[in-house]
Amino acid sequence: MDRMERLVRTWMATGKVEEVENTVSEVLNGDGALLPLIKALGEYLTSEEDDQRRKGVEFLSLVLEKYPQEKLNRQSVKTLVTFFRGKLDDTETIIPALQGLVSLSAASNLTSQDAVEISQSLFQYVKMKALVQSHRFKVFTILDTLIARQREALKGMGKTFVAGYINLAEGEKDPRNLMLAFAIARVLLIEFDVSSHVEDLFNITFCYFPITFRPPPDDPYGITSEDLKKTLRSALTASPAFGPFAIPLFIEKLTAGSPTTKRDTLQTLDEALPIYGASLARTHARKLWNSLKLEIFQPTDSETESEALKTTQVLIQTIYGSSSQTALGPEPGSEAIEGLAKDACEECIRILKEPEKSQAKPATKVICAFMSTTPSVSKYTLSQAVPHFIRLFLNPDEASNRGPTLRLLADVIVAARDSSLLDPEVLPTQGEVALSPFKDEVLGVFTVGLKTPTTRKHALDGLKGLVTTRGLLSDEELGFIVHNVNEVLTEDGNEDEDVREAILDLFGFISSTTARHISQTTLPLLFSSLPDQAPDRSAEAERLKYWRTLAFLKRLCLQADLFEMLVVRLSTKLDLICSPDSPPSGADATSLEPTAAYAHSILRTLADAIAVKVEKGDVDVPKYIDRLLPRLFHLHLYGALSGTEGYNVAADPRLVTVTSQIVTLIVQVQPPSRQETFVASLFAAYFSEDVKRISDGQPKLPEDTKFTPFTSDAPLAQKTLVVLFSAAIIALHKEIALPVPDESGLLDSILHWSIDNAASQAQRESLLNAVASVVNKRPDGLGSFLSEKLPALWTSQGMDPLLPAEKRRKVIAAWSHITRALLVRGHALFASFTDKLFELFEDTEISWDAARALGSIVATDKILTKRNHAVVKMLHAQKFFNLVLPRIVEGAKLSGNAPRQNAYLVALTTLIKSMPRSAYTHELPTLMPLLLRGLDLPDADIRANVIDTFLAASDASSPESKENAVISEHATSLVSTMLKNAMVNEMPSARLRIAALRYLALLPSLVRYDVLHAQKAVVIRDLAKVLDDPKKAVRKEAVEARTNWFKFTG
């Protein structure tokens, strides 16, 4: 017995895949011919025993499946084709024979004659209803491959092939097979002569419309309902021959179908109508329009309405798009519009005679849809709609309807602007713009509409549509619009919020394209309306007015020239209101509060505008390191050095904080070379008393007072300005060295100053951010600081239990900032720095502070960011979670030391708030008991953090998920704990009460009724008490939660 026979016999006995692979290798190691295999299989291929014969053919087909197709010569292919065809009429061998033909159909040496013979055999012997899905799939695969590779030969079979395919495909139901069947049908309709079988093909294809298939959960084949819809749609839209059969049925589906069926039908019509052709579309136009009209004027939902409007556009394009037209269509009146477009337009115009009625809006939507159909229809529609609205507006009898009229006209103008008929890359001339003939009348109508509050918003929308229409308005007309809108701006009174937004949108566009009109007319009006002194505390109307003015300026002045004007005018205004001559003598903080609020609003306007410009990447921002920062530094330095007793507006910490944001934004966009010179000036001012290098302005800074903010006895006003110093440091590039001989010594002194001498949390926090920023960017030059000075500080002040707790808390805060800086850049020291915080968990006086600091190390950080040029390593947060979470969980589980356990719980609740849901969901079974214990801690913020974690970990969309199974285990205790935390007499924190109520509202969607039903009565009763909570936000959540529990049933 040779090796080939042994392989065959072994497979017959075992059926193992390895034997097939070994057989292929044996054939290839020989001369590559299949003859030895055929001989070895001989007794099986011709056996009278059904099972032996089936196995023989199956083994041959399996070998062929793995055999390289290029190795099959012409004679082998012909012989094998003949063999497998002969096995199709044998019920025992048809299945492996089909598998063999699947492989052969893709062979390069398969001839057209072979393809014809295979097809004939399939049509003659294969009975699809007798086969299971996987075997029918093989039939479709064979035919699909033959059509792809031997199409001309099959086309030569004529009606025989089409009829044979129809018999095979009829009645197929499996989605996997239908994907192939629809694709084959499309090819037949496009490339084969199907004239004698159109209706048969239509019947076996349209019977699947609409697709209602829903894939089972975890479907391994990945076939979606949308996949089937697209392939069926491609078959139904393959040939105009389907049109006469399909259109009536589509209309029927639109009339009687569900919303989903209607949308599917409409989407199919969008593709089908252009294929079926203009003639058929005209024949069925009225019936189609009647069905579409119903979905537009009486929509079941907005999505279906939108689809119906789109189909209406396609219908009009199909009917009117075939006639020869220029790119812009015929001149008005040169070609009369007849048929559906005219009828539908006239029907809509009749409805629009009553613009206040509910049907007017959908009628306008139809008019707007016509704008993007064909040039001729678009022009005709405009010629009917726009004059109608103008007449309606000017009619004295319709004065009460001017608001709705302008609203609908504005919609039409916007639709005409957004028409897709013109090339977006080419600026049209005025004559090419469809709105040109009506421009003057429309502009006049909208201008009149500006004068009345009830029509103002719609007039502004319409004006924006005109302004944003390319090539429509001249420069003078833009100026006319700006002038008229300026008159609205100058009116006193409480302007509607929507009107203000509309003006901002309009002016925002004009300022981005033609800034001259805004800068010459609008901005002077706005700037002149800003008072030179802050309104009195009781002058609410004046204060509201300058707030609105600044809001306008912030949005309008983003273009480079306008922003420069904003900076000049607002910085001058700041100098004026913060001038030492402005406040009356002896004024205190309370009396000067309105002035501080006004100055704060101005600085906030500048900061917000700069932030938007930085986000957009505007190239003009860097120059303001010379044009704005020196003036702001001068403003605050003068306030700090002026020597006036009592309160000084310019030294107010709230103003300095906003200026610090401006400093950071401007410094961060500087190139390294400019940053280097700026930081040199900064250090000269803060450490060498040379303030002139960073300030510029009037009046002159006092020379008799030294600027020494980092001395221990510095005045409070000077200490406040360390925030500006830090703001610049955090924005430096990593290659910028601090201009001092010893960076480690500088950081050490700044750190000690922040702990010992900082007069406020803002000062301390800003300096810690600056130190952390330098550590993150330049650790290599800070060896002594990281390895000697910091450990010494920790040992002497952080670990010493004899020191005041408050001072130790400041050391902990400093330590956590530096640990974060090391972690973010992936420095090796971060782990040992983290360990130091764990050591304090034994110290009951500050253990919670250390725990909070540890948990917040990976909290969202706005300082150590790429924008501030920090070194940020990917997955640093995940690395931290993996390091500390197991340790925290283990520590929280240890018994025998309750204070230490509580410290670990505090760390856990703080840390988990910073973790993404995916990082801890798999740990929920372990974490849930610990988090529930965290709800017993006396700190309201900790409890709120825990509940926020529960909310984030919940998955209401999948009640049977593993996460929700964990929640079900603790459902009873969760309910009682949430109720306790929702009561105002138990918990004064509104944030915690709201969080507890939100989770209570969510629980019915997470836990089965049989688990929670015993709690229902208690929850509803106790929530009734919460309805009297003094906070409105709490009462709102209580109503939501109680409603959910009322609806909670088995």
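**Notes on a pocket, some salt bridges and a few rings**

1. Let's start with the pocket: helix 33 contributes the most to the lining of the largest pocket, six residues. Keep in mind that this is a predicted model, where local features need pLDDT of at least 70, side-chain atom pairs count only at pLDDT 80 or more, and totals for chains, interfaces and linings use all residues. Residues are numbered from 1 along each chain as its sequence is written, and side-chain values use heavy atoms, with hydrogens and water left out.

2. How much space lies in the largest pocket? About 620 Å³. On a 1 Å grid over the protein atoms alone, a pocket is an open set of points where a 1.4 Å probe fits, with protein on both sides within 12 Å along at least five of seven lines; lining residues have an atom within 4 Å of a point. The volume is the space filled by probe spheres set on the points.

3. The lining of the largest pocket has 24 residues, and Ser660, Gln661, Thr664, Ile730 and Ile863 lie nearest the centre. Two or more lining residues come from each of helix 30 (593-616), helix 33 (653-668), helix 36 (722-729) and helix 38 (761-777). Helices here are DSSP runs (H or I, at least four residues), numbered from the N terminus. By type, the lining splits into eight nonpolar, 10 polar and six charged residues. Asp, Glu, Lys and Arg count as charged, Ala, Val, Leu, Ile, Met, Phe, Trp, Tyr, Cys and Pro as nonpolar, and the others, Gly among them, as polar.

4. Now for the charges: the whole structure has 58 salt bridges (a side-chain nitrogen of Lys or Arg within 4 Å of a carboxyl oxygen of Asp or Glu). One of them joins Asp343 to Arg286, 3.3 Å from N to O. Asp343 belongs to helix 19 (residues 340-351) and Arg286 to helix 17 (residues 285-297), 57 residues apart. Asp343 is partly exposed at 33% relative accessibility, and Arg286 is partly exposed at 35%. (Buried means under 20% relative accessible area, exposed over 50%, partly exposed in between, with a 1.4 Å probe and protein chains only.)

5. Which residue forms a salt bridge with Arg867? That's Glu615, with the closest N and O atoms 3.0 Å apart. The partners are 252 residues apart: Arg867 is in the loop between helix 42 (847-855) and helix 43 (876-893), while Glu615 is in helix 30. Arg867 is partly exposed at 42%, whereas Glu615 is exposed at 55%.

6. Arg900 and Glu842 also form a salt bridge (3.2 Å, N to O). Arg900 sits in helix 44 (residues 898-912) and Glu842 in the loop between helix 41 (830-839) and helix 42, so this pair ties together parts 58 residues apart in sequence. Arg900 is buried at 19%, but Glu842 is partly exposed at 47%.

7. On to the rings. Phe841 and Tyr904 are edge-to-face because their planes stand at 75°, with the centres 4.9 Å apart. Rings of Phe, Tyr and Trp (its six-membered ring) pair if their centres lie within 6.5 Å; planes under 30 degrees apart count as stacked, over 60 as edge-to-face and the rest as tilted. Both Phe841 and Tyr904 are buried.
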